[in-house]
Amino acid sequence: MFQRKDVSSIVRATEILRCLSQGLGKISDISKKIGLNKSGVHRILKTLEMSGFAVQDPSSRQYSLGPLIQELSSNPVVMHRNLALCALAEMEHIRDLSGE
C-alpha cells in the first residue's frame, strides 16, 4: 500500500524531471524552482541517476535527462496510442463544432 510519503516522492521526482527537460541541470537552480532543499534534490537526482532517468556530466556536474527517457518513449505503437489518447478530447470538441 502506498503511503503519502511515497506519492510525494514521485511528485518531487517528476518535478525534477520537468526541470531537467527545461535545461535546468544545477541542483541549486532545481532547488529554487521546485522549492525543495538542495540535499533533497540531490538525493532524488541520485536515485533518478541510478534508475537511468538522469545522468550527470562529470566535468560540469550538471544533470540532464538520462537514456531511460528515450527508451521509454521510443516505441512507436505506444507513442501513437498516447498521442491519440491525448488528442481525443480536442478531436471530440472539433467533431461537435463541425457537426461531423
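Trainee: Which residues does Lys46 touch, not counting those up to four places away in sequence?

Mentor: Lys46 touches Gln56 and Tyr63 once residues up to four places away are set aside, where contact means heavy atoms within 4.5 Å. Before we go on, note that this is a predicted model, in which local features need pLDDT of at least 70 and side-chain atom pairs count only at pLDDT 80 or more, while totals for chains, interfaces and linings use all residues. Residues are numbered from 1 along each chain as its sequence is written, and side-chain values use heavy atoms, with hydrogens and water left out.

Trainee: Where is the place of Lys46?

Mentor: Lys46 sits in helix 3, residues 38-51; helices (H or I, at least four residues) and strands (E, at least two) are DSSP runs numbered from the N terminus.

Trainee: Why does Lys46 count as partly exposed?

Mentor: Buried means under 20% relative accessible area, exposed over 50%, and partly exposed in between (1.4 Å probe, protein chains only). Lys46 has 30% relative accessibility, so Lys46 counts as partly exposed.

Trainee: What makes the pair Lys46 and Glu49 a salt bridge?

Mentor: The term asks for a side-chain nitrogen of Lys or Arg within 4 Å of a carboxyl oxygen of Asp or Glu. Here the N to O distance is 3.1 Å, so the pair qualifies. Lys46 and Glu49 are 3 residues apart in helix 3, which means about one helical turn separates them. Glu49, at 27% relative accessibility, is also partly exposed.

Trainee: How many salt bridges does a search of the whole structure find?

Mentor: The search finds 2. Asp96 and Arg95 also form a salt bridge, with their closest N and O atoms 3.0 Å apart. Asp96 is exposed because its relative accessible area is 54%, whereas Arg95, at 41%, is partly exposed.

Trainee: Why is Gln56 called buried?

Mentor: Gln56 has a relative accessible area of 18%, so it falls on the buried side of the cut-off. Gln56 lies in strand 1, residues 54-56.

Trainee: What makes a polar contact with the side chain of Lys46?

Mentor: The side chain of Gln56 does, at 3.4 Å. Beyond four places in sequence, Gln56 touches Lys46, Glu49, Arg61, Gln62 and Tyr63.

Trainee: Where does Phe53 lie?

Mentor: Phe53 is in the loop between helix 3 and strand 1. With 24% relative accessibility, Phe53 counts as partly exposed. Among its contacts beyond four places in sequence are Leu17, Leu48, Leu65 and Ile69.

Trainee: How many disulfides does a search of the whole structure find?

Mentor: The search finds 0; a disulfide would need a pair of cysteine sulfur atoms within 2.5 Å.

Trainee: Which residues form a nonpolar patch on the surface?

Mentor: Leu85, Leu88 and Met91 do, with about 310 Å² of accessible area together. Leu85 is in helix 5, residues 76-98, and at 62% relative accessibility Leu85 counts as exposed.

Technical notes
Polar contact = N/O pair within 3.5 Å; in protein donor to acceptor, adjacent residues only side chain to side chain. Patch = residues over 30% accessible without salt bridge, like charges linked within 9 Å, V, L, I, M, F, W, Y side chains within 5 Å. Areas by Shrake-Rupley, 256 points an atom, 1.4 Å probe, with all protein chains shown as cover.
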